[in-house]
Amino acid sequence: MTIAAHPHAAKPLRKRIADASEPYLYSAPALILIITVMLVPLVLGISYAFRDIQLLNPFSGGFIGLDHFRTLSEDQAFFRALRNTLWWTGASVFLQFFFGLILALLLDKPFAGRGLAQALVFLPWAVPSFLAGLNWAWLFNPVIGPLPHWMYALGIMDAPNNILSDPHLAMWGPIVANVWWGIPFFAITLLAALQAIPRDLYEAASIDGAGPVQRFLSITLPFLAPTIAITILLRTVWISNFADLIVVMTNGGPADRTQIVASYIFTQAFKRLDFGYASAIALVLLVLLLAYSMLIVVLRQTLLNKG
Amino acid sequence: MRTSKLLLTVAHRLAILAYIVVALFPLFWLLKVSVTPNDLLYSEGVRMWPSRATFEHYTFVIAHSAFPTFFKNSLIVAGSTAIAVTILASLAGYALSRFNFRAKYWIVALMLITQMFPLVMLVAPIFKMLSPLGLTNSLTGLVIVYTAFNVPFATFLMQSFFDGIPKDLEEAAMIDGATQFIAFRQIILPLTLPGIAATLGFVFTAAWSELLFALMLISGNDAATFPVGLLTFVSKFSVDFGQMMAAGILALIPACLFFLLIQRYLVQGLTAGAVKG
């Protein structure tokens, strides 16, 4: 076949059309599925926010304009969920990142048994989230779990109670579970970025007399910065939407103290079957997340322009 | 100088050890309670290992509860999802890796968007869409939903694996007269087997763990997946800790197996991606 050497020169029209459509044929099945199962429901969900849709009420379904948003603006539970989301996301992301970075730095050094150690410390990541939630709920349960007794023995708590039923402490339960579960993700990503740093840079710096702290600040950190920024941005969005642990461990209680916006949406849809109101909250959450992402992009742009 | 180096090494190993202990302790406790006989559970509260171990909770869970059904349902759902996603993502990832076409930018943008918005937004509309089709309370419905959710990420993953394979290989085959699809199937796919295994593992674990959509879409015991079954069990028989934890350990096995298979590959794959930029 000589024409294969000049693919675009001497092909008949039918062959050219077939060639042009080839990438579309490869990607069509995935695209069709994504559009019907994700994009169409997204648009439908946005429309639900302006309609009265309750699953068990056959007379619902009418267009009600901004009514849901008016209710929402007076919904104290929603504003509490919003504050809880900030707290939940901020504490989880910070602690996951902090411990994940330390773990990545520890694993970046070669030592005997590193492969095994790595497999063991990354294991929580493989634990299904519902099981991680149940597992930690059991650990916090004074009847079968050791944690309340240990905290009591250390004097952190006045009595070996379940922190999940204490309105002031309950949020720490899902946060601890989330940190345990999420450290490996940060560690894996940061470790990959660490291993991509050229080793000779460190050698050159050592020869020039730079100490470990100096090497960390002037080589490691600048190299990691882009990975850190993008990972934290993505994880923040992801964790603020991550309701599994809360639904499993506290179901938003006690007294809505651990309800975050994502679990509040789920409760409205799953327990009250009020799809319209759930979609209205979801739309507000979407707008907030978009605003957050835009803010980060703008911030990054201004910082880049300055530098 | 040498003692300070030794101290540093000791501190390093101790820190690693601390991480390992924290990572494994909750799972160890799960195992410990699952083998503690009921009469010792309360009297030996915080002991590290019961004075007498038993497998009675496991035999009960396997022989007298609905957990084998949940386990089977979860295997079917996670397995089918993993296979379906890997096929769709290989095709789409190949298109993104090897072709330059007009809609490529839009396809990437669409897939990125699906990664950004909260999936919990879709709980209500997907329920409304699937219910008239008879796909609520059905494993097929779950497979369709999970497949769609996992395809975008898997496509990017597969694309990065294809990018790592030189183009000359299929070009040589096509000069010999093969169509691009044959070259893809017979030359490129076999070379991507590690990538395919990683994708299968990722998706299987994700589908095995999914909770919220399963809770929303499944109501009876017959089609319940493991998370739904376990949560119903917890709220119904919340005193039978031994049995619940035995069930939990069983749910952990497939996810951990897949993880151990792919974990070594995880950092390597990401490193390759990071080196490429």
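Reader: How much of residues 139-162 of chain B is helix, and how far apart are the end C-alpha atoms?

Author: Good place to start, and keep in mind that this is a predicted model. Residues 139-162 of chain B are listed by UniProt, in an unreviewed entry, under "transmembrane region". In the model that stretch is 100% helix and 0% strand, and its end C-alpha atoms are 32 Å apart.

Reader: What about residues 105-127 of chain B: how much is helix there?

Author: UniProt's unreviewed entry includes this span in its "transmembrane region" list too. Its end C-alpha atoms lie 31 Å apart.

Reader: Which helix gives the most to the side of domain 1 of chain B that touches domain 2 of chain B?

Author: Let's build up to that. Chain B is divided into domain 1, residues 2-41, and domain 2, residues 63-276, with 32 Å between their centres, taken over C-alpha atoms. Seven residues of domain 1 of chain B are in contact with six of domain 2 of chain B, and helices H1 (2-34) and H2 (38-41) of chain B each supply at least two residues of the domain 1 side. The one giving the most, with four residues, is H1(B).

Reader: Which helix of chain B gives the most to the side that touches chain A?

Author: Here 75 residues of chain B are in contact with 69 residues of chain A. By class, the chain B side has 62 nonpolar, 11 polar and two charged residues. With 16 residues, the helix that gives the most is H13 (residues 241-276) of chain B.

Reader: Are H5(A) and H1(B) roughly parallel or roughly perpendicular to each other?

Author: Helix H5 of chain A covers residues 129-139. Its Asn135(A), Trp136(A) and Leu139(A) meet Pro26(B), Trp29(B) and Leu30(B) in H1(B), and this contact has five nonpolar residues, one polar and no charged. The two helices pack at an angle of about 75°, with their axes 10 Å apart. An angle from 65 to 115 degrees counts as roughly perpendicular, so H5(A) and H1(B) are roughly perpendicular.

Conventions. Residues numbered from 1 in each chain as written. Chains lettered and ligands numbered in written order. Predicted model: local features only at pLDDT ≥ 70, side-chain atom pairs only at ≥ 80, totals over all residues. Domains from an automatic or database assignment. Contact = placed C-beta atoms within 7 Å. Nonpolar A, V, L, I, M, F, W, Y, C, P; charged D, E, K, R; others polar. Axes fitted to C-alpha atoms, helices over the stretch in contact; angles between N-to-C directions. Parallel < 35°, antiparallel > 145°, perpendicular 65-115°, else oblique. UniProt positions renumbered as here; feature names shortened; annotations may be inferred.
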